[in-house]
Amino acid sequence: MALESSPAAQPGNAPAAVSAAEREVRLTSLLVTGALLAGAVLQVLVPPGGLTLVAGSALAGAVVLVASFLNPGKLRETIAGFRFTSTLLIALAIFAVLGTLVLQGKPPEFYEERYGPVAGLIRALRLDDIFHGLPFAGLMALFGAAVIASATLRWPLSWKKAGFFVCHVGLMISLAGAAASATLSIRGRIDLHAGGETASHVRVTKAGMDTGGLAPLGFDLRLDDFRLVRYETEYRIGYYEQVLERDPRTGTAHNEWRLKASFDPDREKHRLPNGDSFRLSGIWPDFAPRPNPARLGPDGTPALEPATASQEWRRPVVQAELTQGGRTREKLLPAEPPGALFIDEDRALVFEKRDKEVKAFLSTVSAIRDGERLADHARVAVNEPFTVGGWTLYQVNYNPQDPTYSGLEAVRDPGVLWVFAGFGLICAGVFYMFYVEPRLRARKAPAAART
Amino acid sequence: MLQYVLAEHPFFVATGALYTAALACYAAAWRSTQRMVAKAASVTMIAALLLNLALILLRWHEAGRAPLKSLFESLVFFSFCLVAVYLVFETIYRTRVFGVPAMALSLGCLIYALARWDAEIVKLPPALQSPWFVPHVMVYFVGYAAVALAAALAAMQLLAARVPAIQRLTTLKAGTILTGEVPDLEGMTYELIRFGFVLLTLGLLMGSVWAKSAWGDYWVWDPKENWSLVTWLVYGAYLHLRKVRGWRGERAAWIAIIGFAVVMFTYLGMHLLPTAEESAHVYSG
């Protein structure tokens, strides 16, 4: 807000305002372009990485900030200004977009295979690790300096402008926490089998890939038990259509059956997407055909009739009755193997058993240090991490072929609490700035008018 | 397909029909000077909103989980959010001029949902079984609805300067404008974006906290995370640029529209990215 009311920006001083604005644009362009170019040149010498990003941002940010405080006129006004911040926000957005156009953090041979002749350029510009390189660090340095410079302009605090300050302090705390995470955190994998197998180290990973290093846990972690919980079995009547699929890589086309609609196996009449209709005229959950003495087969023995041995869904079979253009067809459809009633060449009704999808996978672990139990039969599940001895354990993997295997991720991150504390301040600051401050100002305005 | 939806999912069709009726009533209110027509538009819109809510609750009951998992489910919810936010907007500003774009957006979501119909209700994978799932998605979609309406208003602001018919619409005083005041389109756009920005901030940060509890990392530069950040940065730039001389008016309106285009890409375009295979957030439905 300081810039809005600066003498140069007053509406009465139009030529002066134009020149001040032009100066600000020029300085903004110079700083942003300079940071990007310097980063691009220096990254020839300094490879991208967490430390590069943090050290580069901190050093460059400190230099800009000190320079702006030593020169409180042009430079500080510019970096604390809304125009400068807006430019940085757009530049950061462009970087974020670039990071989604090129796959990040893959081994060099991957780029050769995927991008062919352009791979060299991608690697040379370090677009393969864009968020840990010096150009990005340059932008983060300017962003940090802008946040600090603009927040300090709101000091000393008053109730009417606390939101901006709190939000920007929150941003700085989050960035500081993220810097601590990037440089000091350790993460790695622990693979265990249930039944008492223990681990005392984590296999350190970076960007999800094994670095080959080991980090001591400081205790023994034992997997007491592992459980894979699945959803209940479901039986459905699926309506499939054959569609022409084109492989985006090879360009070849092939037909594929696609599920277009699905229905509960009930006795109601259902309309199909192609306009025909069907109903189930018979449902036998535990199919066991019975001889009917009243009806004889061609060989003179009683004919078999569909029947169920129980009401439990063990071997379900249904009789589907398809109505197509006024004509009706019937067919017995077992669920296993799935039975199909073809409507035409490209459409079919299929009675099928759905795979029991995984609902949850849960580990029960104990942590022991020098004979002392730090944790006893603690539960680790997806969305339910467990913290012990400074490490937080996350349930990340299982193997359907090996029901005793559990894949855990162990993380030691001293920055995360700072990051989340910053998040809280950002939310509180933004809300206060947009919805409390205007009310405080509105309340003050009539009072001022009365006096 | 339409016959199937009509027979098997009558609530969905009824919701679409009521939104269409509300759209027609709001359009009629542009021409009519009778307050009755305008009131009929609001009543139809509220009825459609309630039916849309019923549709969501019914699906919630059927699925045994919040119906926010697939693209189809999210489109039905987005349609609801658009109208809910518009209803609050209409109540605050006491104008019905913008009912047509709001209903058109909402109806557009339902029509697209028809094209992306779920073959069947899918189950929640373990990562989505989190207390953060519902608040994260809901906060985001209310925010998306706010910025969608803001973009519609910004488009009207730009068109009003070029198309006399739109200019006349935005200065209507009879029947549809209850207060008889000329609406401040830019001010309304700003209010909507401000509201949307608070929610986008909250949604982004909630997503980050959730990612930490699910995977142990609060930020992994996943394409969807990046694009969510891009939307936040673009609207952050909009809010900052409003304080810079020369960046109000048409320029601000263009940024509001660009911001919404980014939101739509974040929502619907992730599968188009060359890095989509790496994302944990691409809609499969």
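**Reading the two chains**

Q: How does the end-to-end span of helix α4 (residues 71-93) of chain B agree with its 23 residues?

A: The expected span of a helix is 1.5 Å times one less than its number of residues. For the 23 residues of α4(B) this rule gives 33 Å, and the end C-alpha atoms lie 32 Å apart, which agrees. Helices here are DSSP runs of H or I with at least four residues, strands are runs of E with at least two, and both are numbered from the N terminus.

Before going on, note that this is a predicted model: local features need pLDDT of at least 70, side-chain atom pairs count only at pLDDT 80 or more, and totals for chains, interfaces and linings use all residues. Residues are numbered from 1 along each chain as its sequence is written, while chains are lettered from A and ligands numbered from 1 in the order in which they are written.

Q: How many residues of α4(B) are buried?

A: A residue is buried if 20 or more other C-beta atoms lie within 10 Å of its own, exposed if 12 or fewer, and partly exposed in between, with C-beta atoms placed from the backbone. In α4(B), 17 of the 23 residues are buried, so the helix is largely enclosed by the rest of the structure. After α4(B) comes Arg94(B), with a positive phi near 50°.

Q: What does chain B contain as a whole, helices or strands?

A: Chain B has 10 helices and zero strands. Of its 285 residues, 51% count as buried. The radius of gyration is taken over C-alpha atoms, and the globule rule is 2.2 Å times the number of residues to the power 0.38. For 285 residues a compact globule would come near 19 Å, and chain B has 19 Å, which agrees. Along the principal axes, its C-alpha atoms fill a box of roughly 55 × 55 × 30 Å.

Q: Which element gives the largest share of the side of chain A that touches chain B?

A: Two residues are in contact if their C-beta atoms, placed from the backbone, lie within 7 Å. The contact takes 54 residues from chain A and 44 residues from chain B. On the chain A side, α4(A) gives the largest share, 13 residues. By class, this side has 35 nonpolar, 10 polar and nine charged residues. Nonpolar covers Ala, Val, Leu, Ile, Met, Phe, Trp, Tyr, Cys and Pro; charged covers Asp, Glu, Lys and Arg; the others, Gly among them, are polar.

Q: How many bridges join β16(A) to β17(A), and how many join β17(A) to β18(A)?

A: Three bridges join β16(A) to β17(A), which run antiparallel. The two form a hairpin with two residues between them, and Gly389(A) in the turn has a positive phi of about 55°. Seven bridges join β17(A) to β18(A), also antiparallel, and Tyr398(A) has Ser406(A) as its bridge partner.

Technical notes. Pairing = 2+ DSSP bridges.
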